[in-house]
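Student: Please take me through this structure, one topic at a time.
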2 protein chains.
Amino acid sequence: MKNIINIGFIGIGCRGQEVMKTMLDIDCVKVVAVCDVYQDRVEKGIEIASSYGVNASNDVKGYLDYHEILNRDDIDAVVITTSWYTHIPIAIDAMKAGKRVGLEVGGAYSIQQCWDLVKVSEETKIPCMLLENCCYGRTEMAILNMIKKDVFGEIIHCQGGYEHDLRDEISCGRENRHYRFNEYLNRNTENYPTHELGPIAKYLNINRGNRMLSLVSMSSKTKGLYPWMKQHKGNDYDALNFDFKQGDIVTTMIKCANGETILLTLDTSLPRPYSRGGRVQGVKGIWMEDNNSIYLDNISPSHKWESFDKYLEQYEHPLWKKYREEGVKSGHDGMDYLVYSAFAESVLKQIDPPIDVYDAATWMSISCLAEISIQQGSTPVDIPDFTNGKWHHREKPCNSIYQLDIVNDELF
Amino acid sequence: MKNIINIGFIGIGCRGQEVMKTMLDIDCVKVVAVCDVYQDRVEKGIEIASSYGVNASNDVKGYLDYHEILNRDDIDAVVITTSWYTHIPIAIDAMKAGKRVGLEVGGAYSIQQCWDLVKVSEETKIPCMLLENCCYGRTEMAILNMIKKDVFGEIIHCQGGYEHDLRDEISCGRENRHYRFNEYLNRNTENYPTHELGPIAKYLNINRGNRMLSLVSMSSKTKGLYPWMKQHKGNDYDALNFDFKQGDIVTTMIKCANGETILLTLDTSLPRPYSRGGRVQGVKGIWMEDNNSIYLDNISPSHKWESFDKYLEQYEHPLWKKYREEGVKSGHDGMDYLVYSAFAESVLKQIDPPIDVYDAATWMSISCLAEISIQQGSTPVDIPDFTNGKWHHREKPCNSIYQLDIVNDELF
C-alpha cells in the first residue's frame, strides 16, 4: 500500500493557498501540480508546494489549464478551490479523468449540474468529497456526539447560518479577483449554505435514513453594501450605482422526511460579528451557539441556561479528544486539518469519503433551489432525492476515523 | 372631564385575575362588573375587584353572560381576557354596544373575523386596543427608541419568537380549564404571534407607512408533549394516545412592503428557558436578545459583540425613564402596568389607543394565515391590508404618552 498521495491543486486564490498550506501539513500529502488562470497565482502555488510539509519537493509543475493536470497519470486526486461556479464542471471533468475530487464548498447553479455530478461519480465509481470543514468543528462534532448518544432525545428542529460581515470582500472583489463581487451583483439566493447545513445534515441522518423534502426562501432588500462602499471607497465609487441583486438577509426553511425542520440564515452584507448561528432542539433539550448555552430537561436548573463549556468537555468527540492530545493544527481553529485529513485518508486507503457525492449534490442544491423559491415569491420548492431512494437503506458508513454518520468510539 | 373609568372584566381565569389586579393599581380604574362562564371565577373576580386599588368598591356585580355587562350604561370599557377563540366575537359585541375594548392577546381563526373586527370599529367609531404588553417591555422600548433615532440605520430584518416551555400548561389544560389543551389538540399554526410581532410591527411602521405583504410558515413534527406527559402524568394518561396537531416548532417568514423581512418562531412544547428571541438588523448594526448583545458599525470594537446593558441605559425610552423614577409596578417586569395605563388613558381621554384595531387585526391575522400556509405545504399567503390603503398616509399618532409609532421625548 502506498503511503504518499499525489495531489493536483486547481485554484490558487487566497483560499486555495490557505487550503494547500494546511493540507501539506498532512504526512501523506504531496502536491505535485498547481493550476490557476492567473500566472502569478500559479507561481505562488509552486512556491507553497515546494516549501511546506514533509513532502515539499522541487518538481512541482504549474499550469494555466486544469485539463493538463487531469491528463497526468501520476496524480491520485485533485483539490478544487476555484470560484464557485467552476466547482462542479471541474469536478465532473476530474472524475471522468479518473481523479478523486476534494471540492471546496459553495453552492450549485442548477439542479441539472447536481445530477450530473452524481451521475458521473456513479458511472466512473470515482468519489467526490465536499470539503465542508465546519462538519469537523470542535463544537459541531461534540453536538454530533451528543445527538448520536441521544442526549437531546428525538431531534425536532435545527438552525444555522452563515453570518459573516463580508462587505469588504464583496465590495473589493474586482481588484482582488474575487468571485463574490459578481455573485452578489447578479444573483439573489442562499449562496453559501453548507457551513451550517453540512453539520445539520449529519445530525439528521440526511441521505442515510432521512432526506430533505422541500424548502422555502425569502430575501430582504439589498442595502448593506452601499453605506460600506461610500465610507471606504468614497462617494464617487462606481459600484455605488450598481444594482446588487443579493438580498442582505436570506432566510430558508427546509422540511425533512422524518418531520424535522431546518432554518438557514445567510447574513453577509450587514455589520455583525461572525456566527454560524447553530441551534439544535430535541424533546430533551436545546443547544444554542450564540449564547454558548444549553438546556437539558431534568438536568439543567429549571428554566435556566447552562454554559455549554462543561458539556463540550464531557461530550468531546473522540476524534477531537485524540486531536487535542496530539496538538491542534491551524486553519479555522483546527477543523480544516481534520477535513483534509479525512479526504487524504479516503484517497490513500481508497475508501468512500465521509462526505460523499450525494451529500455534495444535496447540500449544494440548496443554492439553486433557494434562488427559484425567491424569484417565485417564496414558493415551496422540491429538493430532489439525489440518492434515488438509496437513503432508505444505505450500507453503514465506511470505517474512516473521520466518519460523520455514526460516532464510533471504538475507532480511537 | 371624568377622572374615573368604569371597567367590566370578561374572563376571570388565571390571566384575567392577574390583569385585573395590575389594572386596579391604576388610579383612574374602577372595576364595576366581572363575568366568566364559571361561577367560582366570577366570585374570585368580585373578590379581587373589591379589594385591590384605590377604587376598590363593594358594589362589584358578577355575571355569567357578558351581554349583561354590555347592556349596562355606566360602563366605559370592557377588558376581554377570555379563551383565544372568543376574543374577537366578544370584542365585536362590545363595540356594537358602544363599549371601548381592551383585548388580551391571542391569534385569529379566520380572515373574515379580522375584517369584521375592523369594520365594526370603523362603523361604530369605537376603538379596540390590543393589550400587547411586550410592546411596553423595557428592552423593546429602548430598541424602539434606538430605531426611531436611527442608531441601527435603515432596518433590514427583524426576528422574534414566543419561546416558552408550556408543556405543563398545555398538558394539564383540561383540569385547569385552560384553552391551550384544545388549541394544541386541534390546530397547527403560529398560534401566538403578537408578543414578538407587536414590537417589531412598531419598529417597522407597519400600518403607518409600511405593511406586511405575505407570509410563509413551516411546522416541525409534534413530539414534545408526550415525554412530558409520560413523566408527569404516568404511562396510563389518556392524552398520550391523542393526536396533537400543533407542531413543536413553527417558523414563519414575513415580507414587508418596504422590503424588510420578519422571522417568527413559535416554540412552546419543547424544554427550554424562556425567550422572545428578539433580533433587529439595520445597515448600521444588530441587536440580539439571546446573548444580550449589540454590534454597531464604527462604534463597537471590530467584529466583537458588546453587552446591551450600557445601551439600555443610554437609550432608555423616556417613558421607562419616568416609570423607573416613579417606581416600576409588578406584572411581567412592569410592562403590564404600562399597557393597561395606555388603555386606561385612551378611555379616560377618549383618544385613539397606541395599538389600534388595524394593528389588532393585522397582528392577529398571522395565526390564521400561518395555518393556511402550513396546511398548503408552506405556500406563500397574502396578508390583507386591513387599513384598505390608509397606511400610505395615516395622520400622525395620537398624543398619548404611551404612543409607540414615534418617540416624542418632549412628552415627558
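Tutor: One definition first: helices (H or I, at least four residues) and strands (E, at least two) are DSSP runs, numbered from the N terminus. The model is predicted, so local features need pLDDT of at least 70 and side-chain atom pairs pLDDT 80 or more, while totals for chains, interfaces and linings use all residues. Residues are numbered from 1 along each chain as its sequence is written, chains are lettered from A in the order written, and side-chain values use heavy atoms without hydrogens or water.

Student: Which strands supply at least two residues each of the lining of the largest cavity?
Tutor: They are β7 (155-163) and β10 (261-267) of chain A, together with β7 and β10 of chain B. The cavity is a set of points on a 1 Å grid over the protein atoms alone, where a 1.4 Å probe fits but cannot get out; lining residues have an atom within 4 Å of a point.

Student: And which gives the most?
Tutor: β7(B), with 4 residues.

Student: What is the volume of that largest cavity?
Tutor: About 270 Å³, volume being the space filled by probe spheres set on the points, which are joined across faces, edges and corners. Of its 21 lining residues, the closest to the centre are A:Q159, A:R279, B:Q159, B:R279 and B:M288.

Student: How many residues of the lining are nonpolar, polar and charged?
Tutor: The lining has 4 nonpolar, 11 polar and 6 charged residues. Asp, Glu, Lys and Arg count as charged; Ala, Val, Leu, Ile, Met, Phe, Trp, Tyr, Cys and Pro as nonpolar; the others, Gly among them, as polar.

Student: New topic: by what turn can chain A be laid on chain B?
Tutor: By a turn of 180° with a shift of 0.0 Å along the axis, giving an RMSD of 0.0 Å. That is the relation of a two-fold axis. The superposition is by least squares on C-alpha atoms of residues with pLDDT of at least 70 in both copies. In chain A, the C-alpha nearest the axis belongs to A:N291, 2.4 Å from it.

Student: What order do the strands of the 9-stranded open sheet in chain B have?
Tutor: The order is β14-β13-β12-β11-β7-β10-β9-β8-β15, with mixed pairing; two strands pair if DSSP finds at least two bridges between them. At the edges, β14 (306-307) and β15 (381-382) of chain B each have a single partner strand, so one side of each is left without a neighbour in the sheet.

Student: In which sense do β9 and β10 of chain B pair?
Tutor: In the antiparallel sense, over 7 bridges. Within this pair, B:T251 has B:T265 in β10(B) as its bridge partner.

Key
1 Å grid on protein atoms, 1.4 Å probe; cavity = no way out; pocket = protein on both sides within 12 Å on 5 of 7 lines; lining within 4 Å.
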